[in-house]
Each structure stands twice: as structure tokens, then as C-alpha cells.
Amino acid sequence: MNNQINMPEISEIVTNPGNVRQKDYKIADLSLSSWGRLEIEIAEKEMPGLMAIRQKYSQDKPLQGVRIMGSLHMTVQTAILIETLVALGANVRWASCNIFSTQDHAAAAVVEKNVPVFAWKGETLEEYWWCTLNAMIWPDGNTPQLIVDDGGDATLLMHKGLAVEKDPSLLNCPTDNKELQVVNRLLAKVYHTDSSFWHRAVEQWVGVSEETTTGVHRLYHMQKDNTLLVPAINVNDSVTKSKFDNIYGCRHSLVDGICRAMDVMLAGKNAMICGFGDVGKGSAESLSGQKCKIFVSEIDPICALQACMAGYNVCTIEDILKTADIYVTATGNKDVITAAHMSKMKDQAIVCNIGHFDNEIQVDALNDWPGIKKINIKPQVDKYIFPDGHCIYMLAEGRLVNLGCATGHPSFVMSNSFSNQVLAQMDLWKNRREIGVYVLPKELDEEVAQLHIDKLGAKLTKLRPDQASYIGVPINGPFKPAHYRY
């Protein structure tokens with residue numbers, strides 16, 4: 001990194017955040033800000049929803065003075081989300097939610113506008129969690145009132161930090177999970193510095209909006225266990241998020257990531273998509289569009305039937321180990337592709353993940369495989385040679401290939417997702433809900449869609465009053481019941 005700003009100790013950040021930080025940000029290179037700003041200006045034209053919300057609410061500033069912390073990929077598109085929150089009055093701080101997903105020029109452009117960002121591409125796990133904690137602590141020692149989360153890492157720190165303060169013995173629970181070990185060490189340092197830090201942080205916390213499937217799953221699990229601490233809005237299941245980001249975004253960005261990483265011809269290759277939810281559907285379309293032969297693994301008979309109806313072959317991973325050229329995990333589960341699987345794969349197989357976390361593929365077990373040889377080809381592309389001589393290529397160390405090896409989803413898709421995030425943040429601040437997990441009302445979902453169709457030159461048909469009466473819907477919507485599945 002060109003800007004060598006110091007990284008204060010956790011204890012110093014907790015006790016004296018206003019003075020200990022040399023600068024209230026930590027990024028790769030501030031001199032990249034002009035490049036970042038040029039790309040932001042391009043992306044703004046492709047994000048009509050966010051820009052319309054900014055124009056509509058910037059005078060009233062419904063988030064005036066609200067402390068918002070974000071844990072979400074620090075990309076060009078996220079820069080526009082951040083600047084929209086700022087335009088609505090918010091006091092924003094940001095970290096990425098993935099060690100490889102930050103676009104350093106975008107981070108620099110945001111910092112240049114005096115928004116603190118703690119993120120750079122290629123963080124270690126220790127650096128990643130250090131950044132997350134820094135983004136959560138304002139110079140005066142205050143912590144977030146609202147959180148924009150993607151995968152639940154900021155939410156996890158709040159919940160686990162409070163649990164540790166109630167029962168410090170939790171820090172001594174053994175775990176083989178390397179990332180959880182890093183989290184526990186960080187929380188131990190916070191606890192030994194200030195044993196009531198997280199109690200105070202939770203008292204200030206009003207709510208969280210969650211971006212992705214895995215994070216939402218965590219929220220519902222906590223709600224079921226009665227451990228959820230604040231109201232949460234499930235942005236992921238807004239139709240204009242789940243169908244657009246997860247299907248259309250992956251359809252665009254999966255191939256982009258694989259091609260930038262490997263530069264191989266995809267046509268004619270056998271591609272195994274693990275999971276056929278929305279992300280799997282978009283991934284299958286992505287590779288099918290390049291004329292790959294698609295195979296799908298599924299546990300759910302409904303999703304499996306959908307894959308069959310789409311013309312794909314449904315089988316197990318074990319069935320295809322000798323013939324698949326490309327593997328893509330998209331399940332949201334763990335240990336989907338094991339080290340044992342990879343030891344039996346076809347020579348030169350490409351392995352990658354587009355599900356949120358890094359545990360769908362057993363990368364740690366692969367690194368520990370007896371006699372394995374690892375060769376780094378370039379950033380986020382590693383060749384593993386097994387003792388029998390065959391090799392595989394691992395992309396982005398099993399993390400999100402579209403963000404680790406490319407630039408993620410395109411701006412237009414993210415405008416849909418991030419419009420929902422801004423509306424969710426406004427809702428959480430205005431409507432102090434009971435603790436639970438909520439979804440934005442369908443009226444707002446349709447409003448987000450409406451903000452984008454003009455950009456594509458679409459023209460809606462208008463219901464007549466008699467037609468609206470006949471199907472029992474308001475003439476201006478919402479046009480579908482809450483249970484409708486698009």
C-alpha cells in the first residue's frame with residue numbers, strides 16, 4: 001500500500017479513538033481518488049434508483065446526523081450508496097465485507113469526500129476484522145445507530161461481543177475455524193480493555209438492514225432463538241434485490257470473474273453448479289450463455305426439478321468429478337466441495353465460489369493436503385498440484401469469484417439492491433419497530449422497480465378501474481399479494 005497509515009492496537013482504538021488514529025481512514029492509496037471519481041460518475045448514470053432517491057430526499061434529510069456503519073463490498077457502486085446516505089444527512093463510516101472485494105480507487109474517492117473508509121483489496125483476516133471494528137467506532141467513541149450489513153459480520157461482532165461481556169468463558173471455547181479464532185482474539189482484546197464496550201454499543205444500536213441470503217439466514221436463526229438484539233430488515237428478499245442481484249447480477253459477473261482470472265474458452269466445457277437457488281440460476285445462465293454444458297447439484301427437489309425444466313443435468317458432485325472442467329458453489333452452505341473431492345477432480349479443473357462465504361469450498365483442508373504444492377499464478381489465482389500430478393485452479397481462495405477476480409455486479413443491478421438498502425435505513429430510523437426480522441412492503445419494492453424501468457425504455461400498461469376491480473388490486477398497486485412468488 002502506498003499510504004502507510006499506522007494501524008493502532010485494538011486497545012488504543014477502543015479507549016482513545018479520536019487521537020490514536022493518524023488518519024480516520026485506512027485504504028491502499030489516496031492518490032487513486034481521481035480515477036475512482038471518474039468511474040463513480042459513469043456508474044451514477046447506471047444507477048437511476050439511487051440517484052432518484054437522493055434527489056427526492058436530500059432536502060428533507062431523513063437521516064440527519066444518524067451514525068451509519070456499513071460492512072459491505074467497497075466498490076464503485078457502494079460509493080454511490082454511501083454518498084446517497086450522506087446526502088440524506090447520515091454520518092457514515094465503512095468497511096468491506098470481503099478481504100478481496102475492495103476496489104481501491106473507489107475507496108480513495110469516498111475518503112476524498114471525507115467519509116472514513118477502512119478497506120483495501122487483499123486484507124489478511126486480522127486486518128479485515130481490525131477494519132470492521134474501526135468502522136464501528138467514531139472519533140468521539142460513539143458506535144453505530146444503524147448498520148448496513150452484507151453477510152452479517154458487523155451484526156456478529158455486536159452479538160458476540162455482548163455475549164462475551166456476559167460470559168467471558170465463551171472466548172475459551174475451542175474452534176478449528178481460523179476466522180473465528182481471529183474474531184475471538186479481537187473480542188478478547190476489546191474485553192480486556194473495556195469490559196462494557198459492547199453493552200454501550202448495543203444500547204446505541206437501533207437496527208440493521210441485511211443485504212445477502214447468508215446474513216438473512218443468520219438473522220432468522222437469531223430471531224428463532226430469541227437472541228436478536230435489534231429490529232432487522234431483510235433486504236435480500238425484496239424482489240428487486242433477490243431476483244436482480246442474485247439472478248441477473250450473477251448472470252453478468254460470474255463469467256466476468258472466471259474469464260479475467262483464467263482467460264480460457266468456456267464453450268464446450270462441463271460446468272458444475274452447486275445449488276440452484278437464485279444465485280445458482282443466474283450462474284447457470286451465465287455459463288450456459290457461453291455454451292458450457294451445465295450440471296447442477298441440489299438437495300431440494302423443487303429446485304432440482306426447476307434445473308431439469310431448464311434443460312440442465314442434475315447429479316451429485318461425485319458423479320462428475322472425472323469430467324467437470326468448472327465448479328461453482330452457490331449454496332450458502334459449508335463444505336460443499338471437499339478437499340477429497342478436489343483430489344479426484346479432472347486435471348486443470350477450475351474451482352470457484354459465488355456464494356457469500358469462503359467455507360463452501362474446503363480451502364484450509366486443501367492447503368493441508370499431504371504432499372500438495374501450491375503455486376500462486378497471480379493475485380486470487382492459485383494452482384494446486386496433487387501428489388499424483390493432476391492440478392486444479394482455485395479462484396479468490398474460495399471467496400466470491402465475481403468480486404475477487406472481477407468487479408462484481410454491474411451498476412444497474414446494484415442500483416436495485418442499494419435503493420432497497422437506503423429505503424430500509426430510512427424505515428428503521430423512522431419506524432422504531434419491535435425486535436424481529438422484517439421485509440420492506442411491496443409498495444416500496446414496486447417503487448424501486450418503477451425507478452428503473454424508464455432507464456430501459458419500458459412503458460407500462462395502465463389498469464382500468466374495472467380491470468383493477470376484477471382482479472381485486474388497487475389501480476396503482478401493489479399488483480401482487482405478499483405471498484406471490486415472482
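Strands, like helices, are DSSP runs numbered from the N terminus, with at least two residues (E) for a strand and at least four (H or I) for a helix. Strand 11 (residues 349-353) and strand 14 (residues 391-395) pair in the parallel sense over three bridges, where pairing requires that DSSP find at least two bridges between two strands. Strand 10 (residues 326-329) also runs parallel to strand 11, and four bridges join them. Within that pairing, V328 has C352 as its bridge partner in strand 11.

The side chains of strand 11 point in two directions: A349, V351 and N353 one way, and I350 and C352 the other, all of them buried. Buried means under 20% relative accessible area, exposed means over 50%, and partly exposed lies in between, with a 1.4 Å probe and protein chains only. Because five of the five residues of strand 11 are buried, this strand is largely enclosed by the rest of the structure.

Strand 1 (residues 67-71) pairs with strand 2 (residues 91-95) in the parallel sense over five bridges, and I68 stands opposite V92 in strand 2.

The loop between strand 3 and helix 7 (125-135) contains A119. A119 is buried, with a relative accessible area of 0%. Leaving aside residues up to four places away in sequence, A119 touches K26, I27, A28, M74, S96, T102, A107 and C131. The C-alpha atoms of A119 and E434 are separated by 33 Å, and the two residues lie 315 residues apart along the chain.

The second largest pocket holds about 830 Å³ of space. A pocket is found on a 1 Å grid over the protein atoms alone: it is an open set of points where a 1.4 Å probe fits, with protein on both sides within 12 Å along at least five of seven lines, and lining residues have an atom within 4 Å of a point. Grid points are joined across faces, edges and corners, and the volume is the space filled by probe spheres set on them. Of the 29 lining residues, E446, A449, Q450, L460 and F479 are the closest to the centre of this pocket. Helix 12 (239-262), helix 19 (411-430) and helix 20 (442-453) each supply at least two residues of the lining, and helix 20 gives the largest share, nine residues.

Several backbone features deserve a separate look. Most residues other than glycine have a negative phi, and most peptide bonds are trans. N226, in the loop between helix 11 (213-224) and strand 6 (232-234), has a positive phi of about 60 degrees although it is not a glycine. N226 counts as exposed, at 71% relative accessibility. D263, in the loop between helix 12 and strand 7, likewise is not a glycine and has a positive phi of about 55 degrees; D263 counts as exposed at 70% relative accessibility. The peptide bond from G477 to P478 is cis, with omega near 5 degrees, and P478 is found in the segment after helix 21 (465-471).

Residues are numbered from 1 along each chain as its sequence is written, and side-chain values use heavy atoms, with hydrogens and water left out. In this predicted model, local features need pLDDT of at least 70 and side-chain atom pairs count only at pLDDT 80 or more, whereas totals for chains, interfaces and linings use all residues.

Key:
Contact = heavy atoms within 4.5 Å.
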